[in-house]
Amino acid sequence: MSIFDQKITFTLKRIFLSIILLICFLGHSQHKKSNPKFKVIAFYTAKNDQAHISFVHEANKWFPKMAIENHFVYDSTSNWDNLNAQFLAQYQVVLFLDTRPETPSQREAFQKYMEKGGGFMGFHFSAFALSDSTYPQNWDWYHNTFLGSGEYGSNTWRPTSAVLRVENQNPVTNKLPKTFSSAPNEWYRWSNDLRKNPDIKILLAIDESSFPLGTGPKPNEIWHSGYYPVVWTNKNYKMLYVNMGHNDIDYEHGTNKTLSYTFENEIESKLILNGLLWLGNSKKYISSKNN
């Protein structure tokens, strides 16, 4: 064989090997796409309060991007009747973006899902409950046992940023600074003192440097002191509640334009993504001793 023929043969072998490696790489990539780490289903209503609607739309754009980058599946639905055992069996984590389930069958399915080790993350209004309102406190397991917060007590107004303080270490707070400024939000106060509940582990609370928090106009909408937890977990479940989820809206001029976005805050977004990956990647709940 001539030197020329040898060079041709060597070149063809290199091309063939490169093709084989490319096929293997593409096959591996496709395998990763078809075998996600976990699947998430987000429930939402997005019908009342433009601030909550804005957050839902924002979340349904942000989470799919995070799903691609972190190799999980994100689906969303406004059909709360999908909250049943057969449908939930496809998913490892459930999100409530704005409201909560209302029918007995939906509530029973969710409770059983959580008691069997399912993951949950709820945002802002998903914990709201107030007697003589559209969302009364008529679900004791969810508001008192599971969330631990009880009824809604009051809120700040208008939506403003707060300095948040890490209270306890957890995978959710991994690599977060001890304190950081949040995105603007309407902050909630609850009827139950979560510090007195041994099942609740508070992860973030409002730092005293935030006060006065809120601008009014009503005096009770401005907080000057107190202890206000905003992110926590229940040690008996694989769950996380996040009080954030209320974007600032231009109500005053009637435009209903969104003035702030929750996921534009880098540290807050890291907190939420940490929480989702923690819930989705843990095959079983990590006991509080290891948190």
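# Questions on a predicted protein model

Reader: In which loop does Pro-198 lie?
Author: Pro-198 lies in a loop between two strands. The model is predicted: local features need pLDDT of at least 70, side-chain atom pairs count only at pLDDT 80 or more, and totals for chains, interfaces and linings use all residues. Residues are numbered from 1 along each chain as its sequence is written, and side-chain values use heavy atoms, with hydrogens and water left out. Helices (H or I, at least four residues) and strands (E, at least two) are DSSP runs numbered from the N terminus, and the loop of Pro-198 is the one between strand E8 (188-190) and strand E9 (200-206).

Reader: Is Pro-198 buried or exposed?
Author: Buried means under 20% relative accessible area, exposed means over 50%, and partly exposed lies in between (1.4 Å probe, protein chains only). Because its relative accessible area is 63%, Pro-198 is exposed.

Reader: How far apart in space are Pro-198 and Lys-235, C-alpha to C-alpha?
Author: In sequence, 37 residues separate Pro-198 from Lys-235. In space, their C-alpha to C-alpha distance is 8.6 Å.

Reader: What span should helix H2 have, and how far apart are its end C-alpha atoms?
Author: The expected span of a helix is 1.5 Å times one less than its number of residues. Helix H2 has 21 residues (50-70), so it should span 30 Å. This agrees with the model, in which the end C-alpha atoms of H2 are 30 Å apart.

Reader: Is Arg-107 buried or exposed?
Author: Arg-107 lies in helix H4 (residues 104-115), and a polar atom of its side chain is 3.0 Å from the backbone oxygen of Pro-101. Its contacts (heavy atoms within 4.5 Å) include Asn-138 and Trp-139. At 9% relative accessibility, Arg-107 counts as buried.

Reader: Which strands stand at the edges of the sheet?
Author: Two strands pair if DSSP finds at least two bridges between them. The open sheet has 9 strands with mixed pairing, in the order E2-E1-E3-E4-E11-E10-E9-E6-E7. Each edge strand has a single partner, so one side is left without a neighbour in the sheet; the edge strands are E2 (73-77) and E7 (179-181).

Reader: Which residue of E11 is the bridge partner of Phe-123?
Author: Strand E11 (residues 238-242) is largely enclosed, because 5 of its 5 residues are buried. E10 (residues 229-234) and E11 run antiparallel, whereas E4 and E11 run parallel and are joined by 5 bridges. In E11, Phe-123 has as its bridge partner Val-242.

Reader: Which residues touch the most other members of the largest nonpolar core?
Author: A nonpolar core is a set of buried Ala, Val, Leu, Ile, Met, Phe, Trp, Tyr and Cys residues joined through side-chain atoms within 4.5 Å. The largest such core has 46 residues, and those touching the most other members are Phe-63, Leu-95 and Leu-97.

Definitions and conventions
Polar contact = N/O pair within 3.5 Å; in protein donor to acceptor, adjacent residues only side chain to side chain. Lists of a residue's contacts leave out its neighbours within four places in sequence.
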